[in-house]
Amino acid sequence: MNIIIFIIVLAILVLVHEFGHFIVAKKSGIKVTEFGLGFPPKLWSKTYGETEYSINAIPFGGFVRIFGEDPNDESLSGPERARAISSKPRYIQAAVLVAGVFFNILFAWLLISTGYLIGLPSSADHIGPGTVENIRLTVTSVSPDSPASKSTLKAGDQIISLSSESKNKNKDYLTEEITASNVSNFIEAHGKEGVAFSLLRAGESVTTEPIIGVEGIIPGKVAIGIAMDNIGTLRLPFFTAFYQGAKDVGNLFVMTASGLWDLLSKAFVGKANLSEVTGPVGIVGLVGEVTKLGFVYLMSFTALISINLAVINLFPFPALDGGRLVIVAIEAIIRRPISPKITNVLNGVGFAALILLMLVVTYNDVMNLF
């Protein structure tokens with residue numbers, strides 16, 4: 001089921017991205033020969049007007065085949081040459097390339113704004129419009145290789161109460177004033193005997209087995225390896241929701257771009273840790289966990305992936321939209337097209353490098369399952 005949901009989410013995001021290229025190309029008078037979801041081999045196709053719409057076997061991606069992208073196309077010398085993207089002004093070519101990224105950002109804005117209309121999970125420390133309601137202490141993250149990670153405790157769990165049974169079979173409870181400091185103090189006092197959590201997960205009550213705390217996670221304290229925050233629901237009126245959604249998307253875009261830049265900077269000097277990067281296999285697992293928390297969580301997660309796709313596609317690397325934008329910019333400066341042989345080689349090498357990176361990341365994802 002997780003794989004199906006992941007494929008649906010990916011298909012929607014690819015559809016949004018490629019539709020951006022498609023609609024701007026069409027509105028600019030450029031001929032679009034194919035709109036494909038997934039990569040060949042082809043499973044199904046149908047032609048409407050001058051465009052073939054296809055569904056392909058490999059679901060991790062999609063494409064829009066725009067007339068004139070290949071300068072070696074013999075039909076470019078025919079009467080339809082004026083409808084080729086290569087015949088259009090550079091600013092139109094750039095607009096077509098940027099459109100996919102823009103639509104991913106627009107889609108993320110729509111999802112987050114809709115989330116605020118429905119009721120978006122937010123920190124009680126939220127600074128801005130609206131009031132956070134139904135606040136509960138919530139597990140926001142679980143540290144890898146910690147006692148908590150080996151239990152059934154998960155990020156998103158709302159903490160209702162804690163209990164611990166001492167060696168003399170006396171039980172201690174924490175059922176009131178469930179704050180981060182009180183929970184930490186309870187774990188510090190009872191962690192060596194084990195602490196059981198009573199939780200609320202996706203509207204259902206869950207109780208963990210006792211989790212044995214260890215020293216070293218937090219200097220001088222017994223801990224189990226979780227981060228907590230007071231999380232509630234934030235609902236906003238229509239215009240405020242879209243305003244706040246725009247601010248959130250802007251902040252997430254900057255944070256994602258900064259994170260990508262940091263990763264690439266470390267990779268350049270051989271210090272990057274690819275185990276921190278999640279690929280398709282890892283995202284399938286994350287989609288499953290997010291889906292259990294509720295539809296609004298899945299919406300937010302989809303928005304985050306959409307922003308990530310936008311940032312990655314803007315990166316000036318061959319085969320990505322950003323790399324093609326660089327070529328368009330260079331052609332605008334030198335006032336002549338770059339040799340098709342050079343661009344084809346660059347895009348081929350870039351695509352091969354991206355496939356290799358995806359294989360490495362997927363390998364890490366698979367190894368993390370064991």
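Me: Happy to start with a pocket: how do the residues lining the second largest pocket divide into nonpolar, polar and charged?
Reply: Keep in mind that this is a predicted model. Two of the residues lining the second largest pocket are charged. The others split into seven nonpolar and eight polar.

Me: What volume does the second largest pocket have, and which residues are closest to its centre?
Reply: The volume of the second largest pocket is about 350 Å³. Its lining is made up of 17 residues. The closest to the centre are Pro121, Gln158, Thr233, Leu293 and Tyr297.

Me: Helix 6 has come up, so to speak; how is helix 2 oriented relative to helix 6?
Reply: Two packed helices are described by the angle between their axes and the distance between the axes. For helix 2 (residues 90-118) and helix 6, the axes lie 8 Å apart and the packing angle is about 160°. Angles over 145 degrees count as roughly antiparallel. Helix 2 and helix 6 are therefore roughly antiparallel.

Me: Is the crossing of helix 2 and helix 6 left-handed or right-handed, and what is the crossing of helix 2 and helix 7?
Reply: Helix 2 packs against helix 7 (residues 321-334) at about 170°, with the axes 10 Å apart. That angle makes helix 2 roughly antiparallel to helix 7. Where helix 2 passes helix 6, the crossing is left-handed. For helix 2 and helix 7, the crossing is left-handed.

Me: How does helix 1 lie against helix 2, and what is the term for that arrangement?
Reply: The axes of helix 1 and helix 2 are 7 Å apart, and the two helices pack at about 140°. This angle makes helix 1 oblique to helix 2. Their crossing is right-handed, and the term for the arrangement is oblique.

Me: How far does helix 1 reach from its first C-alpha to its last, and which residue with a positive phi follows helix 1?
Reply: Helix 1 covers residues 2-27, which is 26 residues. At 1.5 Å a residue, 38 Å is expected, and the helix comes close to that with 37 Å. The residue that follows helix 1, with phi near 80°, is Gly29.

Definitions and conventions
Residues numbered from 1 in each chain as written. Predicted model: local features only at pLDDT ≥ 70, side-chain atom pairs only at ≥ 80, totals over all residues. Heavy atoms only, no water. 1 Å grid on protein atoms, 1.4 Å probe; cavity = no way out; pocket = protein on both sides within 12 Å on 5 of 7 lines; lining within 4 Å. Points joined across faces, edges and corners; volume = space filled by probe spheres on them. Nonpolar A, V, L, I, M, F, W, Y, C, P; charged D, E, K, R; others polar. Helix = DSSP H or I, 4+ residues; strand = E, 2+ residues; numbered from the N terminus. Expected span 1.5 Å × (residues − 1). Axes fitted to C-alpha atoms, helices over the stretch in contact; angles between N-to-C directions. Parallel < 35°, antiparallel > 145°, perpendicular 65-115°, else oblique. Left-handed = near helix turned anticlockwise from the far one by under 90°.
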